[in-house]
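Here is a friendly briefing on the strands, a pocket and a few backbone details of one model. Have the sequence and the coordinates open while you read.

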Amino acid sequence: SATALPAITLAWTGNGGRPPATSHLLQRATDAGFSTGVTTITVAATATRYTDATVTPGVTYHYRIRAENAVSCSSWSNSVPASVQLTAPAGLTAVIPPAAPLRVALRWSNRSFATGIDVQRATNPTFTSGPATTAVGVGDNHLDPAVAPNTTYYYRVRTTYLGAASPWSTVGTVTTPPVPATPDAVTVSASAPGPDTATVVLGWTPGTAPGPGAGFSVQRALDREFSCEVATFTVTGRSFTNTGLARGVTYHYRVRAFNVVGSSPFTPPTTITTPP
């Protein structure tokens with residue numbers, strides 16, 4: 001799990017109790033000749049297994065054991081190599097949250113013990129262009145705010161433990177949206193559905209696909225400078241119906257697009273006078 005400690009468990013059989021042992025001496029080394037990095041551990045005579053929780057992932061250890069009593073000791077057992085490897089995180093996904101500001105949200109599943117996570121980002125799938133590595137705490141998600149609009153990013157993550165690292169995960173890819181362009185082809189019409197009220201309908205064509213968190217802001221004013229009685233409406237479609245207006249009044253409208261990156265400039269004012 002993500003919280004368990006790395007460990008190696010050893011098991012053996014006894015010597016049949018002839019002569020009876022009072023303890024076992026377990027020896028660990030980092031070479032098969034037991035001359036480098038040697039550690040000795042005393043184990044109870046009745047034990048038939050031992051878990052070594054003082055190992056470093058990625059290091060190969062060699063183990064051997066012998067029985068001892070007050071008179072003498074047995075010969076060493078056969079030696080066995082063992083190591084603990086960190087497992088790469090799985091299921092990496094990269095998405096753009098629909099709320100500003102522009103960020104990339106990463107999520108993954110940890111499959112190994114860890115003291116940290118490395119998150120790496122690049123602008124090509126071989127991670128040779130624009131690489132950046134960020135060390136984060138142990139978790140299963142990360143928000144990357146250091147991204148630019150209209151760019152494809154590649155991400156991978158790995159588990160770290162006291163200086164050791166797992167292989168990299170599979171790659172997650174995401175393309176950030178561009179800054180939206182100003183809508184064009186604005187159309188406007190007015191009608192009088194009731195004796196005292198009027199309705200204005202606007203339509204437009206988005207300049208580009210707005211992307212995540214997209215929408216449009218429609219502003220209405222009584223003057224072309226938009227300084228008098230300005231009202232702002234937020235819509236998600238490509239049209240806007242403004243009801244409950246006064247009859248015989250000239251209104252000015254303008255539209256702009258927005259997404260998680262930012263907002264486009266407003267369109268030039270579109271003017272219409274409701275039926276008298």
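**Strand S16 and its partners**

In S19, Asn242 is the bridge partner of Val200. S16 and strand S19 (residues 239-245) run antiparallel and are joined by 5 bridges. Strands here are DSSP runs of E, at least two residues long and numbered from the N terminus, while helices would be H or I runs of at least four; two strands pair if DSSP finds at least two bridges between them.

This is a predicted model, in which local features need pLDDT of at least 70 and side-chain atom pairs count only at pLDDT 80 or more, whereas totals for chains, interfaces and linings use all residues. Residues are numbered from 1 along each chain as its sequence is written, and side-chain values use heavy atoms, with hydrogens and water left out.

- Strand S15 (residues 184-191) is joined to S16 by 6 bridges, and the two run antiparallel.
- Asp184 stands opposite Thr205 in S16.
- Strand S16 (residues 198-205) is largely enclosed by the rest of the structure, because 6 of its 8 residues are buried. Buried means under 20% relative accessible area, exposed means over 50%, and partly exposed is in between (1.4 Å probe, protein chains only).

**The sheet S3-S2-S5-S6**

- This open sheet has 4 strands in the order S3-S2-S5-S6, with antiparallel pairing.
- At its edges stand strand S3 (39-44) and strand S6 (80-83); each has a single partner strand, so one side of each is left without a neighbour in the sheet.
- From one strand to the next, the twist averages 30°. Axes are lines fitted to C-alpha atoms (for helices, over the stretch in contact), and angles run from 0 to 180 degrees between N-to-C directions.
- S2 and S5 run antiparallel and are joined by 7 bridges. Where does Leu26 find its bridge partner? The partner is Ile65, in S5.
- In a regular strand the side chains alternate between the two faces of the sheet.

**The sheet S7-S8-S11**

- An open sheet of 3 strands has the order S7-S8-S11, again with antiparallel pairing.
- Strand S7 (90-95) and strand S11 (141-144) are the edge strands, each pairing on one side only.
- Neighbouring strands of this sheet are turned by 15° against each other on average, direction ignored.
- Strand S8 (residues 104-109) pairs with S11 in the antiparallel sense over 4 bridges, and Arg107 has Asn141 of S11 as its bridge partner.

**The largest pocket**

- The largest pocket has a volume of about 310 Å³. On a 1 Å grid over the protein atoms alone, a pocket is an open set of points with protein on both sides within 12 Å along at least five of seven lines, and lining residues have an atom within 4 Å of a point. Grid points are joined across faces, edges and corners, and the volume is the space filled by probe spheres set on the points.
- Of the 18 lining residues, the closest to the pocket centre are Trp12, Thr13, Ile65, Ser77 and Asn78.
- Strand S1 (8-11), strand S2 (23-29) and strand S5 (60-68) are the elements that give two or more residues to the lining. S5 provides the largest share, 5 residues.
- By class, the lining has 8 nonpolar, 8 polar and 2 charged residues. Ala, Val, Leu, Ile, Met, Phe, Trp, Tyr, Cys and Pro count as nonpolar, Asp, Glu, Lys and Arg as charged, and the others, Gly among them, as polar.

**Loops and backbone details**

- Most residues other than glycine have a negative phi, and most peptide bonds are trans.
- Phe34, found in the loop between S2 and S3, has a positive phi near 55°. Phe34 counts as buried at 10% relative accessibility.
- Phe226 has a positive phi near 55° and is found in the loop between strand S17 (215-221) and strand S18 (231-235). Phe226 is buried, with a relative accessible area of 9%.
- Ala100 and Pro101 are joined by a cis peptide bond, with omega about 5°; Pro101 lies in the loop between S7 and S8.
- Ser169 lies in the loop between strand S13 (164-165) and strand S14 (172-175). Is Ser169 buried or exposed? Ser169 counts as buried, at 8% relative accessibility.
- Leaving aside neighbours within four places in sequence, Ser169 is in contact (heavy atoms within 4.5 Å) with Ala88, Pro89, Leu92, Arg156 and Val157.

Key:
On a 1 Å grid over the protein atoms alone, a cavity is a set of points where a 1.4 Å probe fits but cannot get out, and a pocket is an open set with protein on both sides within 12 Å along at least five of seven lines; lining residues have an atom within 4 Å of a point.
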